[in-house]
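Dear colleague,

Please find below the structure that I am handing over to you, together with its sequence. My notes on what was found in it follow directly after.

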Amino acid sequence: MPTEQTLTGKRILLVIGGGIAAYKSLDLIRRLSERGAAVRCIMTGAAQHFITPLAVGALSADHVFTDLFDRQDEQDVGHIRLARDCDLIVVAPATADLMAKLAQGHANDLASAVLLAAKAPVLMGPAMNPQMWANPATRRNRQTLAGDGIHFVGPNSGEMAEKNEAGEGRMAEPLEIVSAIEDLVKGPSKLLAGRRIIVTSGPTHEPIDPVRYIANRSSGKQGHAIAAALARLGADVRLVSGPVTIPDPAGVSTTHVETARQMQAAVEALLPAEAAIMVAAVADWRSETETNEKMKKGAGGPPSLQMVENPDILAGIGHHAQRPTLVVGFAAETQDVLANAEKKLAKKGADFIVANDVSHDSGINPGGVMGGARNRVKIVSRDGVDEWPEMDKDAVAEKLADLVARHLNTTTV
Ligand SMILES: Cc1cc2nc3c(=O)[nH]c(=O)nc-3n(C[C@H](O)[C@H](O)[C@H](O)COP(=O)(O)O)c2cc1C
């Protein structure tokens with residue numbers, strides 16, 4: 001059967017970094033060409049240790065660019081034109097080094113200079129040793145790049161090309177990269193255009209005195225990823241975020257709050273809305289009193305805190321006179337995850353409860369669900385339970401945004 005020409009007329013600039021997975025880029029070039037794309041390639045110096053410009057040029061049927069200071073190339077095309085004359089830039093394999101360079105704005109070779117000068121969307125397919133991928137520096141760079149609007153495909157988990165190495169870090173397969181490219185080239189479907197959606201994210205901090213507070217381990221990663229995914233579908237996203245250390249998501253209007261009561265007030269001020277996705281880990285209790293002075297260590301021993309219940313923001317929205325059409329709550333549980341989520345569904349007036357097991361032995365690595373990069377959720381609704389496999393929090397966000405879009409587009413006209 002002939003391959004569907006999904007990329008006819010599209011100009012793709014492929015940046016090949018120096019990793020073992022560079023051999024898969026040869027197949028990627030072939031797959032893209034088969035679909036009608038014109039592929040032009042840049043190879044880093046390191047990439048040329050793994051595959052040759054000759055093979056890349058033969059497959060792409062074009063000149064291969066390797067050197068920022070090549071007089072002929074600079075005269076003929078120029079690195080700025082290379083960056084501009086394309087519809088999409090794909091970096092595959094994206095090495096830890098290339099990610100770090102772009103995250104920091106370096107431009108000391110052709111690949112990094114072109115990436116920095118790019119106007120077209122950039123898709124990265126990271127590939128590296130699992131330890132390199134899990135390294136906090138790489139995690140930070142990934143986060144920075146995602147915040148800057150860089151798209152990612154993979155990495156996948158499994159056997160690495162190196163002997164006896166396995167884990168997360170394998171480059172996505174060429175056909176997965178092709179499918180991510182097709183999605184990007186098509187442009188995001190604006191299924192939620194103009195719909196106002198409130199998202200809460202992060203923990204709350206409940207003060208005890210001017211320097212102490214009660215908090216929890218929520219990082220805001222899942223809530224922020226959901227806000228960003230909904231925005232990509234065109235929604236008018238209003239994010240109410242507790243104190244987090246991650247950047248505000250692109251294309252989203254963010255209100256920063258600290259306590260549960262502030263979060264409740266901010267959420268209610270944003271009504272009416274068509275959906276509310278309550279991801280924040282809101283503190284159930286706060287100290288009844290907050291002293292103006294720092295509590296002192298003294299002869300009387302430690303103070304005993306009288307706790308009072310915080311407002312239940314999810315139930316408040318679920319039963320509100322201006323209840324959004326769709327109300328989704330998150331249930332972070334350590335035991336009886338499903339039974340608790342089912343109870344919560346009815347009690348809170350929610351349409352869906354996204355249940356996740358945040359116990360230390362949830363099996364989600366690295367770092368568990370709270371604070372970690374991955375999640376495994378069960379979607380509980382009156383129609384039953386849908387179990388999603390463990391995936392990146394960004395992938396959970398994409399799937400959830402699709403679910404929201406499907407629900408809103410069938411319940412409202
Ligand atoms: C055998 C070998 C395999 C490597 N594989 C990878 C890899 O898969 N991913 C990665 O980020 N770096 C890998 N490196 C390290 C990079 O090649 C090195 O950081 C290089 O500076 C990257 O340059 P570039 O980002 O300009 O391509 C590997 C190095 C060697 C020697």
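A61 is placed in the loop between helix 2 (53–60) and strand 3 (64–65); helices (H or I, at least four residues) and strands (E, at least two) are DSSP runs, numbered from the N terminus. Its phi is near 55 degrees, a positive value in a residue other than glycine. Most residues other than glycine have a negative phi, and most peptide bonds are trans.

Please note that this is a predicted model, in which local features need pLDDT of at least 70 and side-chain atom pairs count only at pLDDT 80 or more, while totals for chains, interfaces and linings use all residues. Residues are numbered from 1 along each chain as its sequence is written.

Two peptide bonds deserve mention. A cis peptide bond joins A92 and P93, with omega about -5 degrees, and P93 belongs to strand 4. The bond from G154 to P155 is cis as well, with omega near 5 degrees; P155 sits in the loop between strand 6 (151–152) and strand 7 (156–159).

As to the overall form, the chain has 14 helices and 22 strands. Its radius of gyration is 24 Å, close to the 22 Å that the globule rule gives for 413 residues, so the chain is as compact as a globular protein of that length (the radius is taken over C-alpha atoms, and the rule is 2.2 Å times the number of residues to the power 0.38). Taken along the principal axes, the C-alpha atoms fill a box of roughly 75 × 60 × 40 Å. Of the 413 residues, 43% count as buried. Among contacts between residues at least 6 apart in sequence, 70% join residues at least 24 apart; two residues are in contact if their C-beta atoms, placed from the backbone, lie within 7 Å.

The domain assignment, which is automatic or from a database, gives domain 1 (11–186) and domain 2 (196–411). Their C-alpha centres lie 35 Å apart. Five residues from domain 1 and five residues from domain 2 make the contact. On the side of domain 1 that touches domain 2, helix 8 (residues 136–147) gives the most, with three residues. That side divides into one nonpolar, three polar and one charged residue (Ala, Val, Leu, Ile, Met, Phe, Trp, Tyr, Cys and Pro count as nonpolar, Asp, Glu, Lys and Arg as charged, and the others, Gly among them, as polar).

The largest nonpolar core has 57 residues, of which I12, L14, I89 and V90 touch the most other members; such a core is a set of buried Ala, Val, Leu, Ile, Met, Phe, Trp, Tyr and Cys residues joined through C-beta atoms within 7 Å. Strand 4 supplies the largest share of this core, six residues. A second, separate core of 55 residues includes A228, I313, I353 and A405. Leaving aside neighbours within four places in sequence, the contacts of I12 include L32, V39, V90 and I181.

I177, in helix 9 (residues 174–186), is buried, with 25 other C-beta atoms within 10 Å. Beyond its neighbours within four places in sequence, I177 is in contact with L28, V90, A92, G125, V153 and A172. N375, in strand 19 (residues 374–375), is likewise buried, with 26 other C-beta atoms within 10 Å. The C-alpha atoms of N375 and K393, 18 residues apart along the chain, are separated by 5.7 Å.

Finally, the ligand is surrounded by 16 residues, the closest being G18, G19, T44, A46 and T95 (a residue is near a molecule if its C-beta atom, placed from the backbone, lies within 6 Å of it). By class, this shell has 10 nonpolar, five polar and one charged residues. Helix 5 (residues 96–104) provides its largest share, three residues. The buried residues of helix 5 are A96, L98, M99, K101, L102 and A103, and their cover includes strand 4 (88–94), helix 6 (110–117) and helix 8. Just after helix 5, G105 takes a positive phi of about 80 degrees.

With kind regards

Key. Buried ≥ 20, exposed ≤ 12 C-beta atoms within 10 Å, placed from the backbone.
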